[in-house]
Amino acid sequence: MKVAWQLWMQLFRRMPVLIAIANVLRLAALYFAFRWLGGATKMAPLAAIFFVMATWIWHIGQGYGLRSLCVPESFLLPQFRRRLLEYGAIDIGMWVLMPTLFAVVLRAPYLPLVASGFMLLAAIGLMMGCNRRAGLLIWPVFVLFGWMPTLFAELMKSALQSPLTPLLLLATAALLLKLSITPLLRIEDRETDASPLESTSFGRMQTRSAPGEPRRTGALGKRIAALYDRASQRAMDRALNAYKQHPTASRRMVLVRRLLLPHDNPEAIALRIALVAIIVGFYFFAVMHRQHFNPVIIGAYSIMLSMSRFPQLNIGMTRMRPNMADLYLTLAPQTQAEYQKTVSDALLVLVPISMLTALVYTVMGAALVHADDPWHMLFVAAIVSVSASLAALAIHMIGPEGTTGRTFVNFVLIFGVMGVYWGGYWLVDVAGYLIGGGTLTLVTLGFSLGAWFAAQREYQLRPPRFDAPIG
């Protein structure tokens, strides 16, 4: 029990808010269950809904905790696998057996189905927390529900009457547990760390993982990452050869950009846009085949998607501090401000890249939903994306390094951009492209340029830091 308690405390230390939410939901489910026991049968659905949410959230946290716990060094601990099995048995007792006994007391219908459903729900939550690739397996169910809701409802009714359904649910839960936990129990050498400023999105979530946690990438992810790496290497070779032939300040800046932003070369950008196009195309054809939203919102989503890169800039620059010492010695600047300006000028290329991706995503979305006025949407997206990207770069370049402050700043930026986009769309619609667009450009670009120059001045005044981030 002491080991199980320590494992539970590890989960609480890493995700106290999530654990608190799960337990509050469980207490709410218990309250409505006692009301149900007292005769208020209308409380049964509320008790079930709150317990389902509590179980799902709790086991997502458990899966996330297992990802950082099952590192190669942990398997050196005595009887580590056995302790994990004991901890899992205690978890099943708390979240499956005890609720099933309570359901027996309440004389709930379909008791075998309820018990197996508890087990399946816990397995789904654990899968979504510890193995994101396996978590994608649940999406075909939602796709089926979106395509054929009537057939799906009929299948559910038939499943409730079949005595084999509980066995099927238990077998599904066992399969999901195997897909989720087996990769964590394999002892493998760590893969080479990717650049903190990579833009493939495969390692982006790793910035929130515990130190030492291996990157677990599937076969498809490894192949795509290899394409990005080869494109980056070719871009670096071209930049080196061009600089050797004719060393100039502009070609020197290209070298710095290829070093800091390895996946922001033309080939990698084209590959990233192609992958997003495939995913978005599948999403629209598989899930959103019945249009039930305003197509104008496509532009706002495109801008938000292109801006998702900038919070990573804040995290990546912090993680790259020890490596930046080599760049400082290689550049050999006359002053610290000169070095800081070189870095900020190199990062400025993210603004046109962000604008380009926002416009491409907007064109793709407008084509998929057959928007009535795509030029209007594209015009506003072009103005807002360049201003929003410049402001986001300025804020995240000098912004807070803590998770709470960075999250707050990002939320303010996102809601601000949404408001500016909708306001700009209305302004252009009312005042026309010339007056409305000119006013929107003057206001947004004036604000973003002011923010950029102020941030660059502040960044140049700061001394370079090469210390490793704490934690």
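The legends below describe close-up views of one predicted model.

Local features need pLDDT of at least 70 and side-chain atom pairs count only at pLDDT 80 or more, whereas totals for chains, interfaces and linings use all residues. Residues are numbered from 1 along each chain as its sequence is written, and side-chain values use heavy atoms, with hydrogens and water left out.

**View 1. The protein chain has 19 helices and zero strands.** Helices (H or I, at least four residues) and strands (E, at least two) are DSSP runs, numbered from the N terminus. Of the 471 residues in the protein chain, 42% are buried. Buried means under 20% relative accessible area, exposed over 50%, and partly exposed in between (1.4 Å probe, protein chains only). The chain exposes about 26,000 Å², and carbon and sulfur atoms supply 71% of that area. Accessible areas come from the Shrake-Rupley method with a 1.4 Å probe; for residues, only the protein chains shown count as cover. A contact means heavy atoms within 4.5 Å. Among contacts between residues at least 6 apart in sequence, 79% join residues at least 24 apart.

**View 2. Helix H5 covers residues 111-130.** Its 20 residues should span 28 Å at 1.5 Å a residue, and the end C-alpha atoms are 29 Å apart, which agrees. The expected span is 1.5 Å times one less than the number of residues. H5 is mostly covered, with 14 of its 20 residues buried.

**View 3. Tyr-328 and Tyr-339 form one of 14 aromatic pairs in the structure.** Rings of Phe, Tyr and Trp (its six-membered ring) pair if their centres lie within 6.5 Å; planes under 30 degrees apart count as stacked, over 60 as edge-to-face and the rest as tilted. Here the centres are 4.9 Å apart and the planes stand at 75°, so the pair is edge-to-face. The pair links distant parts of the chain. Tyr-328 sits in helix H15 (residues 321-331) and Tyr-339 in helix H16 (residues 336-347), 11 residues apart. Tyr-328 is partly exposed at 21% relative accessibility. Tyr-339 is buried at 3%.

**View 4. Four aromatic residues form a cluster: Phe-51, Trp-58, Trp-95 and Phe-118.** Ring pairs provide the links between them.

**View 5. Leu-27, Leu-30, Phe-34, Leu-37 and Val-105 make a nonpolar surface patch of about 480 Å².** Patches are made of residues with over 30% relative accessible area and no salt bridge; like charges are joined within 9 Å, nonpolar side chains (Val, Leu, Ile, Met, Phe, Trp, Tyr) within 5 Å. Helix H2 (residues 16-37) gives the largest share, four residues. Val-105 belongs to helix H4 (residues 80-105). At 53% relative accessibility, Val-105 counts as exposed.

**View 6. Asp-264 forms salt bridges with Arg-272 and Arg-309.** A salt bridge is a side-chain nitrogen of Lys or Arg within 4 Å of a carboxyl oxygen of Asp or Glu. The whole structure holds 10 of these. The closest N and O atoms are 3.7 Å apart for Asp-264 and Arg-272. For Asp-264 and Arg-309 they are 2.8 Å apart. Asp-264 lies in the loop between helix H11 (249-260) and helix H12 (266-286), and Arg-309 in helix H14 (residues 309-319), so the pair ties together parts that are 45 residues apart in sequence. Asp-264 and Arg-309 are both buried. Asp-264 has 6% relative accessibility, and Arg-272 is buried at 13%.

**View 7. Lys-341 and Asp-345 form a salt bridge within helix H16.** Their closest N and O atoms are 2.7 Å apart. An α-helix has 3.6 residues a turn, so residues three or four places apart point the same way. Lys-341 is partly exposed at 36% relative accessibility. Asp-345 is buried, with a relative accessible area of 18%.

**View 8. Arg-82, Arg-83 and Glu-86 are joined in a salt-bridge network.**

**View 9. Ala-394 in helix H18 (residues 374-398) is in contact with Ala-451, Trp-452 and Ala-455.** That list leaves aside neighbours within four places in sequence. Ala-394 is buried at 1% relative accessibility. The C-alpha atoms of Ala-394 and Ala-451 are separated by 6.2 Å, although the residues are 57 apart along the chain.

**View 10. Thr-444 lies in helix H19 (residues 403-461).** Not counting residues up to four places away in sequence, Thr-444 touches Ile-383, Ser-387 and Val-420. Thr-444 is buried, with a relative accessible area of 11%.
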